Amino acid sequence: MSVRVSLHDVSQQFGGHGRESLPVLEHIDLEVEPGELVALLGPSGCGKSTLLRIIAGLDPPSGGEALIDGAPITGTDPHRALVFQDPTLFPWRDVWHNVAIGPQARHRLDKDRDVVNEVIDMVGLSGFAHVRPNALSGGMAQRVSLARALVNQPSLLLLDEPLGKLDALTRLTLQQEILRLWRQAGFTALLVTHDVDEGLLMADRVVVLSDRPARILADLKIDVERPRSHGDPRLEDDRRKVLGLLGFTDAETAHAQ
Amino acid sequence: MSTTESVATASHPGESEARPVDGAASREGAGWRERLASWCAAPAWVTAAVVTQVWPDHAPATNAIVEAPQHNTGTLAVAELIFAGLFTLVLLSGRWLPGPAQRLRRFSPWLAALAGYFLFWEIVTAKAGLLVPPYWAAPQLLITDFRSDHAILLESLWASFRLLMEGFVIGASVGFAVGVAMGWSKRVNYWMNPILRTLGPIPPVCLVPILFVAMPSTELASMLLIALATWFPVTVLTFSGVNSVNRQYYDVASTLGASNRFLVWRVAIPAALPSVSLGLFMGLGMTFPTLIVAEMLGVKHGLGWYIQWQQNWSDYPKMYVAICIMIVLCSGLFALLFYARRKVLAWQQDLVRW
């Protein structure tokens, strides 16, 4: 199951009511087809997370409209799962019960017990169901976070720089994991990242955002067939284009040989 | 995809402090000092027992109020021997029950010091007669007084315990409910905060005259006093705990489909529990002085009342016995609270150590 995301002239600002209002997003127009994996690339602090929060239903936009399958977003929904940059696991619950939060909140824990187990296996944490979060490494915690989002069988998965705080090796592993899970389930996915290579590796389309207040600078379709690899020569042109848009010259961005 | 990431194991409560000492003691040839320290408890108590029994008691000055303590010297010696025997037994059973034996070894120097203290007390009061009744009492005098008054003492203990528990439970429950409401709802906070700030810090003992007049019975008044003593810290810390919950927890639960009810009961309250437990400790601490004052002033039962009664008779040894029982009550209740906290907040074990 997957949904279409439509953003029409969406803008967002913080503050107001006498304080200096801070515009964060301006005139965002975006269409995401069902089942697509779209990467949102942009410099730090440009408002990418704010955009995801609007789509997740956590904050309403100050202007424009955000639609899911044509219907306006009015609040959060378990089928629109958000994976945060911090795993934010509940420390008083073990891994299994953290993943089970979704079903428990929706009063379906008995029915979905098997799904919880399945999802924990899917992310590769089979033996760790009864471990507490304080004993997990960063990568494992982020996997639990992923599992927690997936257990509700979402039609839209929003990923807010999920791999930003992990070491480089774990990042490589988890990039492939997320791709695999996406292929298996077929949901629509929006990946916010500041890592250009990650965006090019994973996405069908790369949307480049400017610095705050964020506007869409470019919407590139990545026509390269998967599996792709880091440093893939077929991605070189797109890479140069994206980095150019973000303000980097060729000399600054050449791959280390 | 196989994971080869390492998992840090959560350390066992108490074990990590025990490890250096035990590791040292079990290593071959390591510190005869450590080994001596871990076995010194039993011999110390045996020494105390022997000295108590063998050294003749100082003849007491004739004083109609004070009983001769001699006939309980034997009891004291036997009690000390029993302690020594118990410690030896626990240490010897170390192979089958390593836990208690290990803890005993760790506390051995302390227990030996305790034996030394008892011996010192015994010598200074009963043997050498340096400190005598009515103001000073030998251990065997306390034993005598306990045996003669044990019915009243145990009844007083029960009365105090009951009053304390009733007041504490009511005060803590109300405090918890109000604290959660204040932390969750801005409107409740608006109305309750000024009340909390002005009435909360008042020591309940100041309200004793008012309450004893206003309430139908002194029992009820005392219970209310103790509840008031508990209420303030529990409310403040529960409120603070709920208020400081990481907002991201709410975002996460929201996007997973949580209703408001789920957010309060399954996110806010569990996250606030560490702060709540701190409030409970403070609340419990506030109940003891309130209890004693309430009992001294109005209620005709309980340890506070007994202490004052004996004080009016100038029977200080009996007063000391009651104080000792109170020590057991207070530290026992705190130990219980610590135990409950360790069970409920097991997840917090490695993050906070107190």
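How many salt bridges does the structure hold over all chains? The total is 19, in what is a predicted model.

## Domains of chain B

Chain B is divided into two parts, with domain 1 spanning 19-135 and domain 2 spanning 150-347. The C-alpha centres of these two domains of chain B lie 36 Å apart.

In soluble globular proteins, nonpolar side chains tend to be buried together. Here the largest nonpolar core has 55 residues, and A:V99, A:I120, A:L146, A:L157 and A:V206 have the most contacts inside it. Helix α5 of chain A (residues 138-150) gives the most to this core, contributing seven residues.

Beyond its neighbours within four places in sequence, A:L157 is in contact with several residues, including A:V83, A:L146, A:L150 and A:F187. A second, separate core of 52 residues includes A:L82, A:F90, A:L158 and A:L190.

## Interface of chain B and chain A

The contact draws 37 residues from chain A and 23 residues from chain B. About 2,700 Å² is buried between the two chains, and carbon and sulfur atoms give 63% of this area.

One salt bridge is found across the interface. It joins the side chains of B:D251 and A:R53, at 3.0 Å from N to O. Four residue pairs are in polar contact between chain B and chain A. On the side of chain B that touches chain A, α10 (247-255) and α11 (260-297) each supply at least two residues; α10(B) gives the most, with seven residues.

Side chains of opposite charge can pair when their charged atoms come close. In chain A, A:R205 forms a salt bridge with A:D219, with the closest N and O atoms 2.9 Å apart. A:R205 lies in strand β9 and A:D219 in strand β10, so the pair ties together parts that are 14 residues apart in sequence. A:R205 is buried, at 10% relative accessible area, whereas A:D219 is partly exposed at 40%. Also in chain A, a network of salt bridges links A:R4, A:E31 and A:E33.

In chain B, B:K318 forms a salt bridge with B:D149, with the closest N and O atoms 3.8 Å apart. This pair links helix α13 (residues 316-344) to helix α6 (residues 139-184), and its members are 169 residues apart. B:K318 is buried, with a relative accessible area of 15%, and B:D149 is buried at 12%. The salt bridge of B:E166 and B:R162 (3.4 Å, N to O) lies in helix α6 of chain B, where the two residues are four residues apart, about one turn of the helix. B:E166 is partly exposed at 30% relative accessible area, and B:R162 is partly exposed at 40%.

Note on methods:
Residues are numbered from 1 along each chain as its sequence is written. Chains are lettered from A and ligands numbered from 1 in the order in which they are written. This is a predicted model: local features need pLDDT of at least 70, side-chain atom pairs count only at pLDDT 80 or more; totals for chains, interfaces and linings use all residues. Side-chain values use heavy atoms; hydrogens and water are left out. Domain bounds come from an automatic or database domain assignment. A nonpolar core is a set of buried Ala, Val, Leu, Ile, Met, Phe, Trp, Tyr and Cys residues joined through side-chain atoms within 4.5 Å. Buried means under 20% relative accessible area, exposed over 50%, partly exposed in between (1.4 Å probe, protein chains only). Contact means heavy atoms within 4.5 Å. Buried area is the accessible area (1.4 Å probe) that two parts lose on being put together, summed over both. A salt bridge is a side-chain nitrogen of Lys or Arg within 4 Å of a carboxyl oxygen of Asp or Glu. A polar contact is a pair of N or O atoms within 3.5 Å; within protein, one must be able to donate a hydrogen and the other to accept it, and residues adjacent in sequence count only if both atoms are side-chain atoms.
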